[in-house]
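Have a look at the display below before reading on.

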Amino acid sequence: MTTMTPKERVKAFFRREPVDQPPVFSGMGTVTVQAIDKMGIRFAQVHGSPEYLAESAITSAEMFGFDGIVVPYDMCTIPEALGRGASLYENAEGILYPTVPSKWATLDDVDLPDDYSGIFSQGRMPVVDEAIKIAKDHDGGKLAVGSWVLGPFTMAGQMIELDVLLKGLRKDKERVEGFLSKMTDLVIAVARHYQELGVDYMNIREMGSGTDLISPRMWKTLIKPNMEKVFAALESPKINHICGSTDLIIEMMNDCGADAVSVDQKNHVAESRNKLGPEAMILGNFDPYGTLVQMDAKDVPGVIKKCIEDGVDAVWPGCDIWPDVKKENMEAYVKAVREYGKTG
Amino acid sequence: MGKEELREELLKQLHEGVVEFDEDKVREAAQRVVDEGLNAYDAVMNGLASGMQEVGELYDQQEYFVPELLMCADALYVGLDILKPHITLEDLGDKPKGQVVIGTVQGDVHDIGKNIIKMMFEVAGFTVHDLGRDVPLEKFVEEQLRTDSEIVALSAMMTTTMMGMEKVIKMIKEKNPNVAIMLGGAPVTSDTAQLFGADGYADSAGNAVQEAIKMIGRLREMQAK
């Protein structure tokens, strides 16, 4: 017997209060093909329509019993609003997420406004705003509504060629730092905007900054100061998410001022729990593709149990749920979280 | 200094220049190889490529990360640009000259790993047909047929685009089962590569270097039979 609405459950979780049952939610996209099929549309259509965006998220949540929804789905809305374009793959077969077609080729080409207040009327930014409003109003506001913004470094990689950025960290440090500082202001402006629209939690995804790409030392000097600035400017609940290799930087991640850290399957959570202690809030860390698309449904509970035994406070997928999930795997995942997860 | 001693010295400088991403050092050593009439192919393989192999190892040991890898690649290209025009058909001798079609699959605009692999194939004397990034799947099949390439190398940085690889492999293998398929990218595992019917894989830019070297070696063994 449940005594809380999904939104109450998620909010209580972040306040570290007891919950009636373990929350099932994520800080990344949770849209499924089952919802898209039920709506009778194609995946490529959801990104440009507030109604489709909200409805596909809500339908996915209601079909499988999620406590929250997360919008937007793609990482191009902000670069697009700043003139970098977006490839939506409207005619492609299957599921493809939008990408940025025209990144700046060099640091000399970067052309950013002095203040970002004008971007919210550009590109698909109004679509996201409207989708958040629709989701918040749905069914008397019962569902938690989360959103996310890329972290400054990952955002920079969506705006400028990644190799220019990565080499620039060593060869052109001063100008890259200046660019990252502008990206930090951009991330803050957008994340605050979504918080003003009333999202229940904000996830900052600095996903391109794991140690598969850059060194812990670089993370300390170039990523951490900007992430600290971002979290200092945001309201709680706020989450610091990085996918890929995070074992070497988990302590620094936890020290950026977020309420929780979120990691993927590459993190050794049991060790991270030891390093961070019992007070830290850790979210994660199953492989959404392997678990929900590839695996036999009978093996899913074992994966979820392992996340919990390793020490996560709430089970989150390590990344966006790949929409083409198996129905029975989703059901097994939700059931296992409810059965084995923490309630306080 | 005797010729062999000079060769050793210049190979060492090329190797170190790549590892230390010292473009000037590589430029100077490569130019001396040319000026002294030493074997350019030897300098590429045993100087530049051997340096890059160490870079791959340093990446695996988490001493180097992607920014360093990219700068080492830049240094390697400085040397390759000088040495390549001096590689003769005779240098390549009985070693077969292969062709590779390479690209990042549709929906993915990440191309760092792809560019590193491309470089290693170029170093080994292959002709590389680079389709770029965000490449529609059928384009790989068309290009393989057009060029009759022995290898098709597909890259995907994201799980979400990796699925496209399976379709390309099927399409290519149906038309030409002897084509070797190499997959690269963070989400690719040995299981996925096997499941998709690929012949080789690399999950990071660092081990892509090692995997490319292995695959080139395997291909040459096959062709030598």
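Which residues of β3(A) are buried on one side, and which on the other? Tyr201(A), Asn203(A) and Arg205(A) are buried on one side, and Met202(A) and Ile204(A) are buried on the other. In a regular strand, side chains alternate between the two faces of the sheet. A residue is called buried if 20 or more other C-beta atoms, placed from the backbone, lie within 10 Å of its own. Strand β3 of chain A spans residues 201-205, and five of its five residues are buried. Strands here are DSSP runs of E with at least two residues, helices are runs of H or I with at least four, and both are numbered from the N terminus.

A word on the source: this is a predicted model, in which local features need pLDDT of at least 70 and side-chain atom pairs count only at pLDDT 80 or more, while totals for chains, interfaces and linings use all residues. Residues are numbered from 1 along each chain as its sequence is written, and chains are lettered from A and ligands numbered from 1 in the order in which they are written.

Now for the neighbours of β3(A). Strand β2 of chain A (residues 144-150) runs parallel to β3(A), joined by five bridges; two strands pair if DSSP finds at least two bridges between them. Here Val149(A) stands opposite Ile204(A). Strand β4 of chain A (residues 238-242) also pairs with β3(A) in the parallel sense, over four bridges, and Lys238(A) in β4(A) is the bridge partner of Met202(A). From β3(A) the chain crosses to β4(A) through helix α10 (residues 216-233) of chain A in a right-handed β-α-β crossover: with the strands pointing away from the viewer, the path from the first strand over the helix to the second runs clockwise.

Note on methods
A residue is buried if 20 or more other C-beta atoms lie within 10 Å of its own, exposed if 12 or fewer, and partly exposed in between; C-beta atoms are placed from the backbone.
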